[in-house]
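Here is a short briefing for a reader who is new to this structure. Look at the sequence and the model, then read on.

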Amino acid sequence: MSSSNSQGINTLLEAEREAAKIVQKARQYRVQKLKDARSEAAKEIEELKAQKNKEYQQFVEQHSGQSDQSLSVVDQDTDVKIEGIRAAATENRQAAIDKMLQAIVKVETKAHENARV
């Protein structure tokens, strides 16, 4: 009986060792799968970043020309308006000076309407 118990115990120990090996392999497989999934996800993220960056650069290239054109049109309009203001100032300069001098030289003294006499 002792030898059959011993043989049964040895069989159980051997089965336990085999189960431990299987569990260890399963853990290693799971860890490797997680590493592979992470590296694959990082690779996909980098590809997506590159694609979106390329799309952004194309968008900027397409719309930067329009921006430069509209900026040029705005600059031209601004220059035209400034020239008009300068021309009007030059044209009305003497009249403005005359009005200021007349207001300074011709002083009418009168009591304020709220002043009590």
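Is Arg-17 buried, partly exposed or exposed? Arg-17 is partly exposed, because its relative accessible area is 48%. Here buried means under 20% relative accessible area, exposed means over 50%, and partly exposed is in between (1.4 Å probe, protein chains only).

The model is predicted, so local features need pLDDT of at least 70 and side-chain atom pairs count only at pLDDT 80 or more, while totals for chains, interfaces and linings use all residues. Residues are numbered from 1 along each chain as its sequence is written, and side-chain values use heavy atoms, with hydrogens and water left out.

**Overall form**

- Along the principal axes, the C-alpha atoms of the protein chain fill a box of roughly 140 × 55 × 15 Å.
- Helix α1 covers residues 2–105.

**Distances along the chain**

- Arg-93 belongs to helix α1. Arg-93 is exposed, at 52% relative accessible area. From Arg-93 to Lys-35 there are 58 residues in sequence and 81 Å in space, C-alpha to C-alpha.
- Leu-13 is also found in helix α1. With 36% relative accessibility, Leu-13 counts as partly exposed. Leu-13 and Ala-42 lie 29 residues apart in sequence, and their C-alpha atoms are 43 Å apart.
- Asp-98 is part of helix α1. Its relative accessibility is 41%, so Asp-98 counts as partly exposed. The C-alpha atoms of Asp-98 and Val-74 are separated by 36 Å, with the two residues 24 apart along the chain.

**Surface and charge**

- Of the 117 residues of the protein chain, 0% count as buried.
- The protein chain exposes about 11400 Å², and carbon and sulfur atoms supply 56% of this area. Accessible areas come from the Shrake-Rupley method with a 1.4 Å probe; for residues, only the protein chains shown count as cover.
- There are 19 positive and 19 negative side chains in the protein chain, and the centres of the two sets lie 9 Å apart. Lys and Arg count as positive and Asp and Glu as negative; His and the chain ends are not counted. The place of a charge is taken as NZ of Lys, CZ of Arg, CG of Asp or CD of Glu.

**Salt bridges**

- Side chains of opposite charge can pair when their charged atoms come close.
- The whole structure holds four salt bridges. Each is a side-chain nitrogen of Lys or Arg within 4 Å of a carboxyl oxygen of Asp or Glu.
- One of them joins Arg-17 and Glu-14, at 3.2 Å from N to O. Arg-17 and Glu-14 are three residues apart in helix α1, so about one helical turn separates them. Glu-14 is partly exposed, at 44% relative accessible area.
- Lys-49 pairs with Glu-46 in a salt bridge, and their closest N and O atoms are 4.0 Å apart. Both lie in helix α1, three residues apart, about one turn of the helix. Lys-49 counts as exposed at 53% relative accessibility, whereas Glu-46 counts as partly exposed at 47%.
- Lys-52 forms a salt bridge with Glu-55, with 3.7 Å between the closest N and O atoms. Lys-52 and Glu-55 are three residues apart in helix α1, so they are about one helical turn apart. Lys-52 is partly exposed at 48%, and Glu-55 is partly exposed at 36%.

**Surface patches**

- Patches are made of residues with over 30% relative accessible area and no salt bridge; like charges are joined within 9 Å, and nonpolar side chains (Val, Leu, Ile, Met, Phe, Trp, Tyr) within 5 Å.
- Asp-36, Glu-40, Glu-44 and Glu-47 make up a surface patch of negative charge. Glu-47 counts as partly exposed, at 47% relative accessibility.
- A nonpolar surface patch is formed by Ile-97, Met-100, Leu-101, Ile-104 and Val-105, with about 510 Å² of accessible area together. Val-105 lies in helix α1 and is exposed, at 66% relative accessible area.

Key
Helices (H or I, at least four residues) and strands (E, at least two) are DSSP runs, numbered from the N terminus.
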